[in-house]
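Please read them with the coordinates open.

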Amino acid sequence: MKRIVIAKAFGVLIGLGVFLMPMGQMGQMGPMGLWAGQESPAPKTDDIGKLQAQQTRGAYLAQAGNCMGCHTAQGGRPYAGGHILATSIGTFVTPNITPDRETGIGLWNEEDFWRALHQGKGRNGSPLYPAFPYTEYTKVTREDSNAIYAYLQSLPPIQQRNPENRIRFPFNFRPLIYVWRTFYFEQGVYKPEASKSDEWNRGAYLVRGLGHCNACHTTRNPFGASQGDMLGGGQLMGSNWYAPSLTSLQEASTSDWPIEDIAQLLTAGLASRAATTGPMADVVNQSLQYLTNADARAMAAYLKSLPGSAPHSRGVAPPLTEEVDKLLRRGSDIYETHCQDCHGNLGQGAPGAYPALAGNRGVTLASPINAIRSILNGGYAPVTASNPRPYGMPPFAQILHDEEIALVLSYIRNAWGNRGSLVTAVQVDRSRKGAQ
């Protein structure tokens with residue numbers, strides 16, 4: 001009862017409370033725990049070999065966790081921060097995590113780094129905003145945390161002081177995080193399930209912990225915390241994209257896929273039944289394509305095993321009235337002119353090149369936002385080692401106006417056995433302007 005009272009008391013201040021402050025806005029940090037001017041003894045050959053092995057492992061783990069994806073500005077230097085996160089509560093800038101002693105984490109030690117991942121606290125002990133996904137990283141083992149730290153400390157230090165976050169009141173009132181943590185943060189390293197295989201547990205560790213998949217594929221409550229089914233899908237924070245449910249067969253569940261196909265989608269960004277675009281294509285390009293075969297298969301085995309869940313409220317498919325039929329025929333004409341050459345007259349696509357649209361769950365999601373974005377901006381699979389020259393779709397933002405995009409999408413969502421709600425020009429216009 002006391003918790004409910006506290007929550008209500010802070011509810012007005014928290015509002016839409018998607019707390020966003022990246023890892024580096026926690027205090028000043030840095031390298032191997034040595035003070036300036038303190039000399040360390042000359043390392044032994046065995047120690048050097050162990051450190052190099054630890055750094056190599058840390059490089060792999062940092063890539064699996066896509067650390068560089070957030071901590072690198074567009075066109076910027078790796079891990080130097082500066083990536084902009086524009087949200088409804090302010091603008092956030094990711095921090096420098098190179099070992100620079102003034103502007104990076106050059107004054108952090110292993111314990112400081114572990115505290116950030118495991119406890120969600122900065123070097124000075126202050127709580128971090130959960131845009132740094134410590135709600136998932138808390139599951140990372142101490143051994144893996146130390147390896148990532150060792151790797152980051154081996155990078156060339158880059159002196160880059162990034163702009164301050166601009167968080168609007170009351171979200172900049174940091175003590176509110178303590179209230180949030182009381183209700184929504186459970187600290188603890190991943191514990192393997194004895195009834196499951198080693199492969200399954202490895203996949204669960206990567207998906208739930210280091211890969212922090214739930215940070216995107218979840219619905220957020222008004223306080224910015226995950227709610228509902230884990231990996232149940234949701235709007236990406238500060239982004240005009242929807243991350244589909246990984247448990248619903250009407251969205252992006254792979255429970256009916258062969259494990260090999262799931263692993264291929266994760267590492268190549270393209271499989272027989274789906275292709276990744278948008279933010280997920282970036283994740284594949286920057287992170288997942290570098291997984292070992294064993295880890296890719298482990299993630300696939302875990303994802304395949306996820307229990308099914310109900311999809312989010314789906315749009316209502318239109319009744320096939322004469323008026324709707326006219327709209328769909330207009331959309332069919334646009335499809336024939338601009339889409340048919342690649343995606344086929346029956347929406348069958350071209351294996352290995354252009355995804356099929358018939359039976360494509362990504363096309364018939366309740367929200368058409370991803371499909372609209374793909375038509376406006378183009379759809380491109382990631383460049384990967386196994387698919388170095390992927391086929392892509394050109395942007396149509398300057399070719400088709402809003403009504404035409406709405407018509408062709410309405411047709412695609414209701415052709416070849418697909419059933420989905422009609423798309424309106426207003427929805428296209430909102431997406432074109434970047435509205436969510």
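1. Which residues of H9 are buried? They are Ile259, Asp261, Ile262, Ala263, Leu265, Leu266, Thr267 and Ala268, where buried means under 20% relative accessible area, exposed over 50% and partly exposed in between (1.4 Å probe, protein chains only). That is eight of the 10 residues of H9, a helix that is mostly covered. The cover over these buried residues includes helix H10 (278-286) and H11. Gly269 follows H9 and has a positive phi, near 80°.

2. On the basis of these notes: this is a predicted model, in which local features need pLDDT of at least 70 and side-chain atom pairs count only at pLDDT 80 or more, while totals for chains, interfaces and linings use all residues. Residues are numbered from 1 along each chain as its sequence is written, and side-chain values use heavy atoms, with hydrogens and water left out.

3. Overall content. The protein has 16 helices and nine strands; these are DSSP runs numbered from the N terminus, helices being H or I of at least four residues and strands E of at least two. Of the 436 residues, 48% are buried. Among contacts (heavy atoms within 4.5 Å) with a separation of 6 or more, 68% are between residues 24 or more positions apart.

4. A nonpolar core is here a set of buried Ala, Val, Leu, Ile, Met, Phe, Trp, Tyr and Cys residues joined through side-chain atoms within 4.5 Å. The largest one has 55 residues, and Tyr79, Leu152 and Leu303 have the most contacts inside it. At least two residues of this core come from each of H2, helix H4 (110-119), helix H5 (134-137), H6, helix H7 (176-184), H8, helix H9 (259-268) and H11. Leaving aside residues up to four places away in sequence, Leu152 touches Tyr79, Ile97, Pro99, Ile105 and Phe113.

5. Helix H6. The 13 residues of H6 should span 18 Å at 1.5 Å a residue, and the end C-alpha atoms are 18 Å apart, which agrees; the expected span is 1.5 Å times one less than the number of residues. H6 is largely enclosed by the rest of the structure, because 10 of its 13 residues are buried. These are Asp144, Ser145, Asn146, Ala147, Ile148, Tyr149, Ala150, Tyr151, Leu152 and Gln153. H2, H4 and H8 are included in what covers them.

6. Helix H2. Gln55, Gly58, Tyr60, Leu61, Ala62 and Ala64 of H2 are buried. Their cover includes helix H3 (67-70), helix H6 (142-154), helix H8 (198-210) and helix H11 (293-305). Just after H2, Asn66 has a positive phi of about 55°.

7. Packing of H14 on H16. Helix H14 (residues 369-377) and helix H16 (residues 425-432) pack at about 65°, with axes 10 Å apart; axes are lines fitted to C-alpha atoms, for helices over the stretch in contact, and angles run from 0 to 180 degrees between N-to-C directions. Ile372, Arg373 and Leu376 of H14 meet Gln427, Val428, Ser431 and Arg432 of H16. The contact residues divide into three nonpolar, two polar and two charged, with Ala, Val, Leu, Ile, Met, Phe, Trp, Tyr, Cys and Pro counted as nonpolar, Asp, Glu, Lys and Arg as charged, and the others, Gly among them, as polar.

8. Backbone points to check. The peptide bond from Phe169 to Pro170 is cis, with omega near 5°, and Pro170 is in the loop between strand S3 (166-167) and H7. His212, which is not a glycine, has a positive phi of about 40°; the residue sits in the loop between H8 and strand S4 (219-220) and counts as buried at 17% relative accessibility. Trp416 also has a positive phi, near 55°. Trp416 lies in the loop between helix H15 (402-412) and H16 and is partly exposed at 24% relative accessibility.

9. The segment after H16. Gly434 is found there and is partly exposed, with a relative accessible area of 47%. The C-alpha atoms of Gly434 and Trp241 are separated by 9.9 Å, although the two residues are 193 residues apart along the chain.
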